[in-house]
Amino acid sequence: MGNDRYTPTVAYLGPEASFTHVAASTLFGTSGLIPQPTIPDCVEAVVEGRVAYAIVPLENALEGSVPMTIDYLFHGAELFINAEISIPIEQHLMVHKKQIPFITEMESINSHPHALAQCHKYLQYHYRRVPLIQTTSTAAAAKYISENPDVKVAAIGNKLAAEKYGLHIAEENIHDFHFNHTRFVVLSLRKEILETNDHSAKLKTTLMVKLPEDDRSGVLHQVLSVFAWRRLNLSKIESRPLKTGLGNYFFIIDVMESEEHPMMKGAMEELAALNCTARSFGSYFIYDQLPSRHSI
């Protein structure tokens, strides 16, 4: 990673050739990557100290946040975000080569739920009555087909998965919208920035904000004003259930600034003065090039 000889261990949502594997390889290279069957397994690998980092999908441009990641990040162990990368998502319909003559006779189409949703219009038009089977990842669907050549099942995934598992791409680019990207985040137990060689990369800080329990009117406006008058740009604000009762929420806020900036420190102090509970998940770069380790 960078010029360091140290090779970190990184858990990712596998198996090999998943979109998360592509993101992990882009950031860390191919050494030290350890596939996990589910997002919770990735997170638990970090929490238990079996790996240094985990990389998991956080948000898709078409389908929104990945609930499993959000739940484990905000309701689970105290983890920090060390980096973010956004990669383009292209979905292809693939089958085992033995099933090429039977492409119109598929008994199910398997993939990750987000991938199935991203191809909704295509599937409605071409495979309206074919069952859609959810898998833990797009690569898991491709791997299943490669290991079961006699079943009439298609998968949706990327070209790397087709190459890795020897599948035939029956139709390319079946996603409904061409601008389709997924945000992936690197998680660890340390508050750490993975630096990039890209000098144009921007810093972002993710906060969790819980409003005061007195539920007074206008409090959300006050929270947003904390950032507005300081000219701190918010790239995202999203409400999520607190899981303590119906109608109880917290807010995820992405701020395009380092938490070490004086204005950010002032914002956190003012949130506390408003009786809000605010927690920072750390500052991190959004980058495209290989990072190097740097603690803040």
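1. Helices here are DSSP runs of H or I with at least four residues, strands are runs of E with at least two, and both are numbered from the N terminus. On that basis Arg240 belongs to strand β14. The model is a predicted one, where local features need pLDDT of at least 70, side-chain atom pairs count only at pLDDT 80 or more, and totals for chains, interfaces and linings use all residues. Residues are numbered from 1 along each chain as its sequence is written, and side-chain values use heavy atoms, with hydrogens and water left out.

2. Staying with Arg240: is this residue buried or exposed? With buried set at under 20% relative accessible area, exposed at over 50% and partly exposed in between (1.4 Å probe, protein chains only), Arg240 counts as buried, at 16%. In sequence, Arg240 and Phe251 are 11 residues apart, and their C-alpha atoms are 6.2 Å apart in space.

3. Strand β14 spans residues 234-241 and also holds Ile237. Ile237 is partly exposed, at 40% relative accessible area. Together with Leu220 and Leu224, Ile237 makes a nonpolar surface patch of about 210 Å². For the record, patches take residues with over 30% relative accessible area and no salt bridge, joining like charges within 9 Å and nonpolar side chains (Val, Leu, Ile, Met, Phe, Trp, Tyr) within 5 Å. The areas come from the Shrake-Rupley method with a 1.4 Å probe, and for residues only the protein chains shown count as cover.

4. Now the inside. A nonpolar core is a set of buried Ala, Val, Leu, Ile, Met, Phe, Trp, Tyr and Cys residues joined through side-chain atoms within 4.5 Å. The largest one has 25 residues, and Leu73, Phe74, Ile81 and Leu187 touch the most other members. Elements giving two or more residues to this core are β1 (10-13), α2 (39-47), β3, α3 (67-75), β11 (181-188), β15 (249-255) and β16 (277-286). Which element gives the largest share? That is α2, with 5 residues.

5. On aromatics, I'd look at the 2 pairs in the structure. Rings of Phe, Tyr and Trp (its six-membered ring) pair if their centres lie within 6.5 Å; planes under 30 degrees apart are stacked, over 60 edge-to-face, and the rest tilted. Phe28 and Tyr53 make a tilted pair, 5.6 Å centre to centre with 35° between the planes. Phe28 sits in helix α1 (residues 19-28) and Tyr53 in strand β3 (residues 53-60), so this pair ties together parts 25 residues apart in sequence. Phe28 and Tyr53 are both buried. Tyr122 and Tyr127 are also tilted, at 6.3 Å centre to centre and 45° between the planes, and both of these tyrosines are buried.

6. Tyr53 has a further contact: the charged end of Arg190 sits over its ring, 5.3 Å from the centre. The rule asks for NZ of Lys or CZ of Arg within 6 Å of the ring centre and within 35 degrees of the ring normal. Arg190 also meets Glu192 in a salt bridge (3.7 Å, N to O), where a salt bridge is a side-chain nitrogen of Lys or Arg within 4 Å of a carboxyl oxygen of Asp or Glu. Arg190 is partly exposed at 35% relative accessibility, whereas Glu192 is buried at 3%.

7. What does the Glu105 and Lys152 pair tie together? Glu105 lies in the loop between β6 (92-95) and β7 (108-111), and Lys152 in the loop between α6 (138-147) and β9 (153-157), so the pair ties together parts that are 47 residues apart in sequence. Both are partly exposed: Glu105 at 40% and Lys152 at 23%.

8. How many salt bridges are there? The count comes to 19. Within helix α6, Lys143 and Glu147 are 4 residues apart, about one turn, and their side chains meet at 2.6 Å, N to O. Lys143 is partly exposed, at 31%. Elsewhere, bridges with shared partners join Glu59, Glu84, Arg183, Lys204, Lys236, Glu238 and Asp254 into one network.

9. Ala139 and His75 are 64 residues apart along the chain, and their C-alpha atoms are separated by 27 Å.
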